[in-house]
Amino acid sequence: MATTTFTKKTLGITAAESPAKPTASNNETAFLKKPKLGTRSRKKDIPEGLWTKCPKCATMLYDKELDDNLKVCLHCGFHFSIGARERINALVETCSFEEMDAEMTSVDILKFTGVASYTSKLEAYQNSTGSKDAVISGIGQIGPHRLALGVMDFNFLGGSMGSVVGEKLTRLIETATDRGLPLVIISTSGGARMYEGMFSLMQMAKTSGALAYHAKNKLPYLSVLTHPTTAGVMASYASLGDLILAEPGSMIGFAGPRVIKDTTQAELPPGFQTAEFLLDHGLIDAIVPRKEMKDRLIFYLDFLKDGTRQGDMPA
Ligand SMILES: [Zn+2]
């Protein structure tokens, strides 16, 4: 008992606050305290925001490792959301991507004001993402294939499709048609952008029309759906691919499950609107993990290219 009390005192505040103790006691204090202090300072050395908890398996993931793994959980394979530029960098050959219409910016045609004005929201998202709108488009090289690539960014106003997203994608599709290039669009979206009213809805028809000309020229279009792809985007270009691929676990659909349940008054089956459910029911062609996406795109393009127009490829 006596020993226990002594040790506790030595480890506690009394010993640390009494410099006039005998040498032996000071040595002991120093020896016992050091590891404890070391642990504390190491914790202090770790700044916040370096670790992310996986929402599926609850593992704490070191952010750098997570980034190196293309934001896929190293333990359970959960796919975190990833920015459009990160995705493009992971897919295209180094320095091969030439961005198109990077400066195209939305106009607040309806003078829309809710909690905040549309103009102020645009500015805020432009500052936080470094992009002018919710899609990045351009021509790049993936393996041996030069192609037109459009990648949506959910971080910009929920990946919503307004006039700029529709126009940039339409120009991308038309460029692919003119140059005889295959097309890949990687979608993620909450749907049409309500701040632009009917102007955003018209983008569904415009992009679909451009895709029809692309298809008429026997050029392949691969649509990649990522979490989440819904509403007006899913009801237009995202579901018009010659092949439709999806990342594992993605939520894909038109209206949300609660709206469907309230409207139909029917119980929805388990896993409804997940990529896995839609694969089982024939709406999509394959589920491709993010880390395999590049190789699989190359494989599919190798396969589809034989039926496409040859020649006239840009240098
Ligand atoms: Zn996990």
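Modeller: Lys 71 counts as buried, because 20 C-beta neighbours lie inside 10 Å and the cut-off for buried is 20 or more. Please keep in mind that this is a predicted model. Lys 71 sits in the loop between helix H4 (63-68) and H5. Its phi is positive, near 60°, in a residue other than glycine.

H5, residues 84-91, lies across E4, E5 and strand E6 (183-189). Its direction is at about 160° to that of E5. A further helix, H12 (residues 293-305), also packs on the sheet, where it touches E4, E5, E6, E7 and E8. The direction of H12 makes about 70° with that of E4.

Now the sheet itself. It is open and has 7 strands, in the order E3-E4-E5-E6-E7-E8-E9, with mixed pairing. Strand E3 (98-100) and E9 stand at the edges; each has a single partner strand, so one side of each is left without a neighbour in the sheet. Asp 101 is in the loop between E3 and H6. Asp 101 counts as partly exposed, because its C-beta neighbours inside 10 Å number 19.

Gly 130 follows H6 and has a positive phi, near 80°.

Going across the sheet, E4 (residues 135-142) and E5 (residues 145-152) run antiparallel and are joined by 8 bridges. Ser 137 has Gly 150 of E5 as its bridge partner. Gly 150 also stands opposite Ile 185 in E6, where E5 and E6 pair in the parallel sense over 4 bridges. Further along, strand E7 (residues 221-229) runs parallel to strand E8 (residues 243-246), again with 4 bridges. There Leu 225 is the bridge partner of Ala 246. E8 then pairs with strand E9 (residues 286-287) over 2 bridges, in the parallel sense, and Leu 245 is opposite Ala 286. Strand E7 includes Pro 228, and the peptide bond from His 227 to Pro 228 is cis, with omega near -15°.

How buried is E6? Of its 7 residues, 7 are buried. Side chains in a regular strand alternate between the two faces of the sheet. In E6 both faces are covered: one side has Leu 183, Ile 185, Ser 187 and Ser 189, the other has Val 184, Ile 186 and Thr 188, and all are buried. Residues away in sequence that touch Val 184 include Leu 147, Leu 149, Leu 222, Val 224 and Leu 297.

Leu 183 and Val 184 are also among the residues with the most contacts inside the largest nonpolar core, together with Ala 148 and Leu 225. That core has 52 residues. Helix H7 (residues 163-179) supplies its largest share, 6 residues.

H7 also packs against helix H8 (residues 197-216), at an angle of about 5° and with the axes 9 Å apart. The two helices are therefore roughly parallel to each other. On H7 the residues making this contact include Val 165, Leu 169 and Ile 173, and on H8 they include Phe 199, Gln 203, Ala 210 and Leu 211.

The loop between E6 and H8 holds Ala 192. Ala 192 is buried, because 25 other C-beta atoms lie within 10 Å. Neighbours within four places aside, Ala 192 is in contact with Ser 160, Met 161, Ser 200, Leu 201, Ala 231 and Gly 232. Ala 231 is 39 residues away along the chain, yet the C-alpha atoms of Ala 192 and Ala 231 are separated by 7.1 Å.

For contrast, consider helix H10 (residues 257-264): of its 8 residues the number buried is 0, so H10 lies largely in the open. Gln 265 follows H10 and has a positive phi, near 55°. Over the protein chain of 315 residues, 33% are buried.

Technical notes. Residues are numbered from 1 along each chain as its sequence is written. Two strands pair if DSSP finds at least two bridges between them. Two residues are in contact if their C-beta atoms, placed from the backbone, lie within 7 Å. Axes are lines fitted to C-alpha atoms, for helices over the stretch in contact, and angles run from 0 to 180 degrees between N-to-C directions. A nonpolar core is a set of buried Ala, Val, Leu, Ile, Met, Phe, Trp, Tyr and Cys residues joined through C-beta atoms within 7 Å. A residue is buried if 20 or more other C-beta atoms lie within 10 Å of its own, exposed if 12 or fewer, and partly exposed in between; C-beta atoms are placed from the backbone. Angles under 35 degrees count as roughly parallel, over 145 as roughly antiparallel, 65 to 115 as roughly perpendicular and the rest as oblique.
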